[in-house]
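Please look over the sequence and the model shown here before reading on. The paragraphs after them are meant to be read with both at hand.

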Amino acid sequence: MNGVDTLSSVVRGRVLMPDDPGFDAARRPWNRAVEQPVAAVVEAADADDVAALVRHARSAGLGVAVQPNGHGATGRTEGTILLRTGRLDSLQIDPVGRRARVGAGVPSGRVQALAARHGLTGLPGSSPVVSVTGVALGGGLSWFGRTHGWVADSVTAFDVVDAEGRRRYVTAETDADLFWALRGGGGDFAVVTALETTLHPAPQVYGGRILWKARHAPEVMDAYREITATAPDELTVWLDLLHFPGADPMVAIDVTHLGDESEARDLLGRLHHLPRPLSDSRRTMPASELGTITAEPTTPSPGISRGELLTELDGAAAKALLADPVAPLLSVQIRHLGGAFTRPSDTPHGPLTEPYALYLFGVPTDPATAKAVTARQRDLAHALPVSGRKPLTFLNPGETAADAFTPATLARLRHLKHRRDPHNTIRSNFPVHG
């Protein structure tokens, strides 16, 4: 017996071994371009199941890789037990206290749908299918981050299973070091089974996407730079250079505003002097529909990404972004940051002072295309004023925690990992130990 063979007697949830039907589907991550080898898959029934699994793995000298549905996977899972926490899907909203208790398997879209009924919002990113817990463990960039900071800044408590298999309730008061690490330092320190987070008022939300033909990209870029130079914290504007298969290249402006439509249109007045767009989906919308703005895929697919933080978006940077066609990439996205991101934050990332984030994405349809996508991403990043630091949630499988954190922060995280999990039982997508 190697500890894996007896899993079915340890947990009540489903256990899948390599010879079982459905094993391959269960072990695969969201990004189908990433190969994820594991010794077994466990779909935990509840938090007690998680605790039993961790105790068993620790005694057997095994590692437990934790994923609700596989976003952010890196493939560093050889020989581990893949723990799926998707069934930990409880969700409670306290509209009076403006709080949510969110199970580890709950996607952002579910929180938004329930909170919106009370005129409240969480801090959603561009995709409604990513788990709230996964985003918070990585810090988390949100549509409303300019107003409220990192997603992790709003988290007030965690339910965890520690590396000894004990269930614990972690807050800044009960365990300041672990609470700090979990709010953006990754999932290397404990298995989060649920979290509690502050909800924010959102009585009115305005948002949508405007699309133009790519030939208007220089004018759109100029308008984007002008708007973001003076945008209030309640306004978030992203620019996207797009080239989808079978379609002509386009340029888009994506926007959200925590406020009414008339104020948003005044703030975006510069856009109304641009050429007639192909489409304009902007409208007053419930916070539950923010995931429709960028229309990201809601089913697993292959992709190659690269994220960067820009120290500025001056004329030279704008010229570099527009110098060559988007292809072989599908998208070149620029997110305006600033606002609350720059304020003090007692998280591993700390304040995010770079004013823009860059996200480059392509699909590896074949080896030659994959190589071309990677080369284009590298060349574009080298041509831009990047800081060298990256949000943890923007890292790709070839990068490490050292690409996200300062040396001092990484040393603190490693020290905590060594003290709390000396056997390295709990494995995150981006381990801090190396």
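The structure is a predicted model, in which local features need pLDDT of at least 70 and side-chain atom pairs count only at pLDDT 80 or more, whereas totals for chains, interfaces and linings use all residues. Residues are numbered from 1 along each chain as its sequence is written, and side-chain values use heavy atoms, with hydrogens and water left out.

The chain contains 11 helices and 20 strands, these being DSSP runs numbered from the N terminus (H or I over at least four residues for helices, E over at least two for strands). Its C-alpha trace spans about 70 × 55 × 40 Å along the principal axes. The radius of gyration of the chain, 22 Å, agrees with the value near 22 Å that a compact globule of 434 residues would have, where the radius is taken over C-alpha atoms and the globule rule is 2.2 Å times the number of residues to the power 0.38. Of the 434 residues, 55% count as buried, a term that stands for under 20% relative accessible area, with exposed meaning over 50% and partly exposed in between (1.4 Å probe, protein chains only). Among contacts (heavy atoms within 4.5 Å) between residues at least 6 apart in sequence, 73% join residues at least 24 apart.

The second largest pocket has a volume of about 190 Å³. A pocket is defined on a 1 Å grid over the protein atoms alone, as an open set of points where a 1.4 Å probe fits, with protein on both sides within 12 Å along at least five of seven lines, and lining residues have an atom within 4 Å of a point. Grid points are joined across faces, edges and corners, and the volume is the space filled by probe spheres set on the points. The lining comprises 14 residues, of which Ala214, Ala217, Asp324, Pro325 and Val326 lie nearest the centre of the pocket. The elements giving two or more residues to this lining are α7 (217–230), β13 (235–242), β14 (250–257) and α9 (315–322). By residue class, the lining divides into 12 nonpolar, 1 polar and 1 charged, with Ala, Val, Leu, Ile, Met, Phe, Trp, Tyr, Cys and Pro counted as nonpolar, Asp, Glu, Lys and Arg as charged, and the others, Gly among them, as polar.

Backbone geometry comes next. Most residues other than glycine have a negative phi, and most peptide bonds are trans. The bond from alanine 327 to proline 328, however, is cis, with omega near 10 degrees, and proline 328 is found in the loop between α9 and β18 (331–336). Alanine 295, in the loop between β16 (283–285) and β17 (304–310), has a positive phi of about 55 degrees and counts as exposed at 59% relative accessibility. Asparagine 424 also has a positive phi of about 55 degrees, but asparagine 424 counts as buried at 18%.

Asparagine 424 is found in the loop between α11 and β20, and aspartate 421 is placed in the loop between α11 (407–420) and β20 (426–427). Is aspartate 421 buried or exposed? Aspartate 421 counts as buried because its relative accessible area is 3%. Leaving aside residues up to four places away in sequence, aspartate 421 touches Ala163, Asp188, Leu416 and Ile426, while its side chain makes a polar contact with that of lysine 417 at 2.7 Å. Such a contact is a pair of N or O atoms within 3.5 Å; within protein, one must be able to donate a hydrogen and the other to accept it, and residues adjacent in sequence count only if both atoms are side-chain atoms.
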